[in-house]
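Welcome! Let's take a friendly walk through the inside of a protein, one stop at a time.

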Amino acid sequence: MNVKGERRTLDVSDSIAIQAFNKAESVLSTLDSIVRSSGSDNYHLLILQDGCSGSPETEKYRSAWTQTTQAVDAWISRNRDHFVSVRFDRCGKNHGPYRTAEQLISRALERSEAVIFSEDDLIFERDAIEWFERTLPHPMFLRPNVWAIAGESRFFDSFRHSPCDTDISDALHLAESHKLIDRFVYLEFVPSSCFATTRSKWAEFGETRGITRGDRAVVDRCLAEGKVCFWPVIARCRDIGMHHPLGYSVRWKGLDHMAFKNSYIVSGILKPSSGELTELSTRQKDALLSQFTRRWELLNT
C-alpha cells in the first residue's frame, strides 16, 4: 500500500475494478491507460481474473489464462505504488463474465462508496477518471431512476468503417463549437463494458447483472422500470476488444461478426474543459445521431 500525505485516506478512497480472463495484451493496455488517466492515483485498484477450470473450453484457454496471470502480476510489481492499494484475486473456477463482474463490483463496494468498473479491453482517455469524478456527485446522476454512468459514447461511432478526414473534421468542429465535451444524455441501458456506480445504486441491479446474460437482463429492467444511465456525448473510454480471437464476442459470433466500435471523436483529442455538465436536449440528441451515427449504421447493414 502506498499512501501519500496528499491523498484521501484508505476509508474514503473509491475503487477502480478491472475484470480479466485470458487476454494478457488487452488487459495490460487497459491498465496502462488507467495509470495515464489523471487522478487514478487516488484510487484502490482491484483486479479479478475469472478461473479457467470448468469453462467450456478449458484446455483452449489454459495457456492464455496463465500468461494473463503472469502478465498482471508483473504489471502490478511495476505499478503498485501508483495506487492507494492494489489487490489481484483469481477465481478458483470459471464463473463466466457476468458472475465475475458481479463478484468484482460487490467486492470493491465493500470498502468504497463508488466504483469504476471496466472489462479487460477498454482504453481510458486521460480525463476518464475526471469524468467519473465530475458525474458521481452530479445532481442529475443522484436521481433515483439513474443507475450508472457510462464511459463510452453512443455518438461519433463509425462501426467498422474508417471515417475520412472530412468526416472527422466536421465532427470535431461541431464538438468544439457546441462544447459537447460538457454535455451528457440519458439512455435506457447500462453498458456491459464500462460504467461507474455507487453502493446504493448497485444494490438495486447488481444481482441482476450477475445472472446469465446479465448485461441484457439489466437493459430489460431499465426498459421495464424506467431506469436510465448517464452517458457522455464525447467518449471517455474506447472499446478495443470485440474482435480479439479469445474474446467473448468472437466466441459466440465468430471472427467475422459485424459488431464493432470505432469512436473517432474522444475527449483526448479535444481541449479539456471544466465547464458545467448539461444535458443534451432531445432535439439536439436526435440531430447528432442522424448526422454522425445513423448513416454509419445503414452502411453496416
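Start with Thr198, which is buried because its relative accessible area is 15%, below the 20% under which a residue counts as buried. Keep in mind as you look around that this is a predicted model.

**Around Thr198**
- You can find Thr198 in strand β8, which covers residues 194-198.
- Leaving aside residues up to four places away in sequence, Thr198 touches Leu109, Glu113, Ala114, Leu136 and Phe141.

**Helix α6**
- Helix α6 covers residues 199-209, and its buried residues are Lys201, Trp202, Phe205, Gly206, Thr208 and Arg209.
- Looking down the axis of α6, you would see these buried residues fall within an arc of 155°, so they line one face of the helix.
- Turned away from that buried side is a face with the exposed residues Ser200, Ala203 and Glu207.
- The cover over the buried residues of α6 includes α3, β4 (114-118), β6 (146-150), β8 and α7 (214-225).

**The nonpolar cores**
- The largest nonpolar core is made of 42 residues, and those with the most contacts inside it are Phe155, Phe156, Leu180, Phe195, Val233, Ile234 and Leu288.
- Helix α3 (residues 96-108) gives this core its largest share, four residues.
- Another core lies apart from this one and has 36 residues, among them Val72, Trp75, Ile149 and Cys237.

**A closer look at Phe156**
- Not counting residues up to four places away in sequence, the residues that Phe156 touches include Ala171, Leu180, Val233, Ile234, Leu288 and Phe292.
- Asn262, Ser263, Tyr264, Ile265 and Thr293 are also among the contacts of Phe156.

Technical notes:
Residues are numbered from 1 along each chain as its sequence is written. This is a predicted model: local features need pLDDT of at least 70, side-chain atom pairs count only at pLDDT 80 or more; totals for chains, interfaces and linings use all residues. Side-chain values use heavy atoms; hydrogens and water are left out. Helices (H or I, at least four residues) and strands (E, at least two) are DSSP runs, numbered from the N terminus. Buried means under 20% relative accessible area, exposed over 50%, partly exposed in between (1.4 Å probe, protein chains only). Contact means heavy atoms within 4.5 Å. A nonpolar core is a set of buried Ala, Val, Leu, Ile, Met, Phe, Trp, Tyr and Cys residues joined through side-chain atoms within 4.5 Å. The arc is that of the directions from the helix axis to the C-beta atoms.
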